[in-house]
Amino acid sequence: MAAAATMAAAARELVLRAGASDMEEEEGPLEGGPGLQEPLQLGELDITSDEFILDEVDVHIQANLEDELVKEALKTGVDLRHYSKQVELELQQIEQKSIRDYIQESENIASLHNQITACDAVLERMEQMLGAFQSDLSSISSEIRTLQEQSGAMNIRLRNRQAVRGKLGELVDGLVVPSALVTAILEAPVTEPRFLEQLQELDAKAAAVREQEARGTAACADVRGVLDRLRIKAVTKIREFILQKIYSFRKPMTNYQIPQTALLKYRFFYQFLLGNERATAKEIRDEYVETLSKIYLSYYRSYLGRLMKVQYEEVAEKDDLMGVEDTAKKGFFSKPSLRSRNTIFTLGTRGSVISPTELEAPILVPHTAQRGEQRYPFEALFRSQHYALLDNSCREYLFICEFFVVSGSAAQDLFHAVMGRTLSMTLKHLESYLTDCYDAIAVFLCIHIVLRFRNIAAKRDVPALDRYWEQVLALLWPRFELILEMNIQSVRSTDPQRLGGLDTRPHYITRRYAEFSSALVSINQTIPNERTMQLLGQLQVEVENFVLRVAAEFSSRKEQLVFLINNYDMMLGVLMERAADDSKEVESFQQLLNARTQKLPAQTSRKI
């Protein structure tokens, strides 16, 4: 219907405008047509407005010409005026039909209007309800914020009260003295575990009361008297117990290490005294120092005296030097006694004393050795004495650190208070012995024993003996150098003409040197010392000069060369057996031997 109405209106307009001139010519002006009562004169047109109107008409015509109905009408040649009237008549019919339909549906439309009005009322009421609800929500949000603020304030107060309650609880727990504590301190023996537990509790409460007193807490006055009486009782019982343990060390034939180890289980006793009764703690420490220092001194003096009784009866004297003439008739190796000087310059099995297995072997028992008529060189006695000293000193130092709660310089001072007299006695004995000692190998072995014991003490983390080791080495090194220089001087001052009959065999002085030098070189290889190598170098020079002086006593050149070759070969063989092949001594004598061998005729060389 809408399309038909549009088409009719377009058609009518086209008819009215397009056929206006024809209608005026044939029928005259249309009735009721505005603007068409008189003929339109061309000269009277407003050109600007008419051009605009014509443009619109053209656009409109073009738009309507695209309509299918218009195309169909134009194509069939229908008269547009009649077609327009027909369309208008149809429109009127349609309009009347629409009016009738509207009248028929008027009741429904009225009902629809009423429903829309009711819906508007309902929506209005809902709007009012939602507005009230929004207002209520705003007030609730405000109340929630207020409650949140109140809750935060209450949480802060709660935390503050809990913190105060916790501190008050700690304060009350620290000040209250339970009956179990009182009973244990007054009645329980100190060796019972509950006494130790309650003593630790008493120490904690005493510390807490002192801290609170410093803060000015008035409640401390209520428990101070009780704690003081309990502290005095505990100190009295502990003092009697520890002094009794210390006095038990003094009993004859007592192994003091057993009660000393037992004291470590009660090391808290001394800590309690140190924190609550320093005068008593000092008394116990002084008593321990006095008792143990006497025990150690007595033990080591007795042990050292009995140990020296199992030393070899014959030892090296000042005349037992390398360059001293050997007056024995049966030769150098025929005498079995020590005075034959073979054990003075020969290492033999003596070097085993510094081996790892022998170095920390059990100490010698003098009365057992005496029953078995066993004798030992000085280095073996020195090793046993100082291993016992090392072992006991390490144990004593660790006990002092743990029981008396000291460390660093304080621990070393306390250790020297206990062991100082024993160490001084040992140093004096060593100094006295070295005054008449001429056994260079024994002294050199003692030096290496000390060096190894010093490393062992360092591994055990016991620095208390460092000063003692330095003092011992300060005694041993000068004596060793003096003995070595005496041997050098003895070789230097030896007159070959006073040695009696000579032959081309190796001389006993060169044999002594070979054994002695190889012994020192083999010992020095483990812990090298440059000073030792310098002295050995001087001794080697003097021996080489001595060999040349003795060789000059032979009348023939051949005998001189044979004597030199035999002595160089013997010294080289001994050195290569004990020392390393690349040592300076081996290289030097190898060169000397090669030089003398090249000068000897080939035939004589084969006979040798």
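Helices are DSSP runs of H or I with at least four residues, numbered from the N terminus. On this basis, valine 405 of the predicted model falls in the loop between α16 and α17. The phi angle of valine 405 is positive, at about 55 degrees, although the residue is not a glycine. Most residues other than glycine have a negative phi. With a relative accessibility of 46%, valine 405 counts as partly exposed. A positive phi, near 60 degrees, also occurs at aspartate 461, a residue of the loop between α18 (440-459) and α19 (466-492). Aspartate 461 is exposed, its relative accessible area being 59%, which is over the 50% cut-off.

The structure holds 25 aromatic pairs. In one of them, the ring centres of tyrosine 288 and phenylalanine 404 are 5.2 Å apart and the planes stand at 55 degrees, so the pair is classed as tilted. This pair links distant parts of the chain, since tyrosine 288 belongs to helix α12 and phenylalanine 404 to the loop between α16 (378-403) and α17 (408-435), 116 residues apart. Both tyrosine 288 and phenylalanine 404 are buried. A stacked pair is formed by phenylalanine 378 and tyrosine 433, with 3.9 Å from centre to centre and 10 degrees between the planes. Because phenylalanine 378 lies in helix α16 and tyrosine 433 in helix α17, the pair ties together parts that are 55 residues apart in sequence. Phenylalanine 378 is buried at a relative accessible area of 7%, and tyrosine 433 is buried at 18%. Tyr288 and Phe404 also belong to one aromatic cluster, together with Phe249, Tyr270, Phe399 and Phe403.

A search of the whole structure finds 19 salt bridges. Among them is the bridge between glutamate 290 and lysine 294, whose closest N and O atoms are 3.2 Å apart. These two residues are four residues apart in helix α12, and therefore about one helical turn separates them. Glutamate 290 is partly exposed, at 36% relative accessible area, as is lysine 294, at 45%.

Arginine 460 and glutamate 360 meet through their side chains at 3.9 Å, N to O. Arginine 460 is in the loop between α18 and α19, whereas glutamate 360 is in the loop between α14 (356-359) and α15 (366-371), 100 residues apart. Arginine 460 counts as partly exposed at 29% relative accessibility, and glutamate 360 likewise at 38%. Glutamate 542 forms a salt bridge with arginine 492, the closest N and O atoms lying 3.1 Å apart. This bridge connects helix α21 (residues 530-551), which holds glutamate 542, to helix α19, which holds arginine 492, across 50 residues. Glutamate 542 counts as buried, at 12% relative accessibility, while arginine 492 is partly exposed, at 38% relative accessible area. Arg224, Asp228, Arg231 and Glu277 are linked in a salt-bridge network.

Ile99, Tyr102, Ile103 and Ile109 make a nonpolar patch of about 410 Å². Helix α5 (residues 80-104) gives the most to this patch, with three residues. Isoleucine 99 lies in helix α5 and is partly exposed, at a relative accessible area of 45%. A negative patch is formed by Glu313, Glu314, Glu317 and Asp319. Of these, glutamate 317 is placed in the loop between α12 (278-308) and α13 (342-345) and counts as partly exposed at 39% relative accessibility.

Definitions and conventions: Residues are numbered from 1 along each chain as its sequence is written. This is a predicted model: local features need pLDDT of at least 70, side-chain atom pairs count only at pLDDT 80 or more; totals for chains, interfaces and linings use all residues. Side-chain values use heavy atoms; hydrogens and water are left out. Patches are made of residues with over 30% relative accessible area and no salt bridge: like charges are joined within 9 Å, nonpolar side chains (Val, Leu, Ile, Met, Phe, Trp, Tyr) within 5 Å. Accessible areas come from the Shrake-Rupley method with a 1.4 Å probe; for residues, only the protein chains shown count as cover. A salt bridge is a side-chain nitrogen of Lys or Arg within 4 Å of a carboxyl oxygen of Asp or Glu. Lys and Arg count as positive and Asp and Glu as negative; His and the chain ends are not counted. The place of a charge is taken as NZ of Lys, CZ of Arg, CG of Asp or CD of Glu. Buried means under 20% relative accessible area, exposed over 50%, partly exposed in between (1.4 Å probe, protein chains only). Rings of Phe, Tyr and Trp (its six-membered ring) pair if their centres lie within 6.5 Å; planes under 30 degrees apart count as stacked, over 60 as edge-to-face and the rest as tilted.
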